[in-house]
Amino acid sequence: MKLFEKHQEKRHKNKEYTIIVGCGRLGASLAGRLSDKGSNVLVIDENKDSFRKLPPDFGGMVVQGDATEISVLKRAEISKATSVIAVTNHDNTNVMIAQLAKELFHIDNVIARLYDPDRECVYKELKINTICPVVLSSSKVDQLLYQA
Amino acid sequence: MKTRILLVGGFEETRFLAHSLLRKGYRVTVINEDRDQCESLAAIKGLQVFQGDGSKPYVLEDANAANTDIAIALSEFDDANLVICELCKKQFHVGKTVALISDPEKTEFFRMMGVDSVVCATTTISSIIEQQALMNDLNTVMPLGSHVQVAQLIVPADAPSVGRKLWEIELPKAVIVGCIVRGEQSMIPRGDTRIMKDDRLILIVSDDDRESAFRALAGELV
């Protein structure tokens, strides 16, 4: 039986299936939160050691591999995913994974983290959601400065 | 107006390409991240060199990407090459973008994303090695993309096609004998042109029909 079905049988028959690429601090904490909420979660990372960042009670799946390879995405059964979140440490990698998810596998909800806000304009037309830490932090700082 | 070409990333192939393009009279600009490599590239006469990460819009802007006719992404990373081509196309409206990739699985995907021309180093090199190692009589002169290639074949003396007219030979569908070179002469063959031994045939052939065309013209593969 395939990885996802086996997992889904064990857990609740939740239709949500989120793939997170990159098990860094953000990826790992997102994975923990989503799995706590009862969502099916799969985390992909090239480095096996990265999975240690996942919370001890993480109830999702992991796949070790390079998520820019189509075969790895297929192994994660990306076509069943409802959302894909690309949060590796490289903007270009996130962008490529997001586009693979959107254009090849037609995933509705695709989110990519971009450190460099300059590149954002190109991805708007592809309907890929981007989160940019610099923009988020500076607006938060603004808020803290001027609300007081 | 000279055609302006922007080469982004890469070193050895970039240097070689820059030389060859400059010699042909193009205006060539190079973007490279590494300082030492930039210095070495800057020694090439007439070559404009910018140091920086070519997948960043402001670096492309510095290198005047908006006034470029052809952008070629040659970095060792597939994802960077995709971003470079997309930025060039969407933000700087470069006419033609070319990407070098190493993962053959993604060739179609790159095309889908609007990259005009995708060159896969892995398949290109491995097919050349295969040809050199296995088939010396039928050489691909030029892969044309879309599974078509120009190939040449020297007809051996014992080939089944020797002495027969072109229309008598049962060739697969997707092959055209475009030219026959016989000694110093070259001719465009017609159906009633007879094939002789030592003729050099220039074929336009689909990748799939290549071997059956070879068998029909030159006999069994050794």
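Start by selecting B:Asn64, which is partly exposed because 14 other C-beta atoms lie within 10 Å. On this scale a residue is buried with 20 or more other C-beta atoms within 10 Å of its own, exposed with 12 or fewer, and partly exposed in between, the C-beta atoms being placed from the backbone. B:Asn64 sits in the loop between helix H3 (57-62) and E4 of chain B. Its phi is near 65°, a positive value in a residue other than glycine.

Before moving on, a word on what you have open: this is a predicted model, in which local features need pLDDT of at least 70 and side-chain atom pairs count only at pLDDT 80 or more, while totals for chains, interfaces and linings use all residues. Residues are numbered from 1 along each chain as its sequence is written, and chains are lettered from A and ligands numbered from 1 in the order in which they are written.

Next, follow the chain into strand E4 (residues 70-73) of chain B, which runs parallel to strand E5 (residues 96-101) of chain B and is joined to it by 4 bridges. Helices (H or I, at least four residues) and strands (E, at least two) are DSSP runs, numbered from the N terminus; two strands pair if DSSP finds at least two bridges between them. Pick B:Ala73 and you will find B:Ala99 of E5(B) opposite. Right-handed here says that, with the strands pointing away from the viewer, the path from the first strand over the helix to the second runs clockwise.

Now go from E5(B) to strand E6 (residues 117-120) of chain B: these also run parallel, joined by 4 bridges. B:Val98 has B:Ser117 in E6(B) as its bridge partner. The crossover from E5(B) to E6(B) passes through helix H5 (residues 107-112) of chain B and is right-handed.

Strand E2 (residues 27-32) and strand E3 (residues 48-51), both of chain B, pair in the parallel sense over 4 bridges. Helix H2 (residues 35-42) of chain B carries the chain from E2(B) to E3(B) in a right-handed β-α-β crossover.

Zoom out to the whole of chain B, with its 7 helices and 11 strands. Its radius of gyration is 22 Å, well over the 17 Å that the globule rule gives for 222 residues, so chain B is more spread out than a compact globule. That radius is taken over C-alpha atoms, and the rule is 2.2 Å times the number of residues to the power 0.38. Colour domain 1 (4-124) and domain 2 (135-218) of chain B separately; the bounds come from an automatic or database domain assignment. The C-alpha centres of these two domains of chain B lie 36 Å apart.

In helix H7 (residues 210-218) of chain B, select B:Glu211. With 14 other C-beta atoms within 10 Å, B:Glu211 is partly exposed.

Finally, show both chains: their contact takes 16 residues from chain A and 20 residues from chain B, where contact puts two C-beta atoms, placed from the backbone, within 7 Å. On the chain A side, helix H4 (91-104) and helix H5 (120-124) each supply at least two residues, and the largest share, 8 residues, comes from H4(A). End at A:His106, in the loop between H4 and strand E5 (109-113) of chain A. A:His106 is not a glycine, yet has a positive phi of about 50°.
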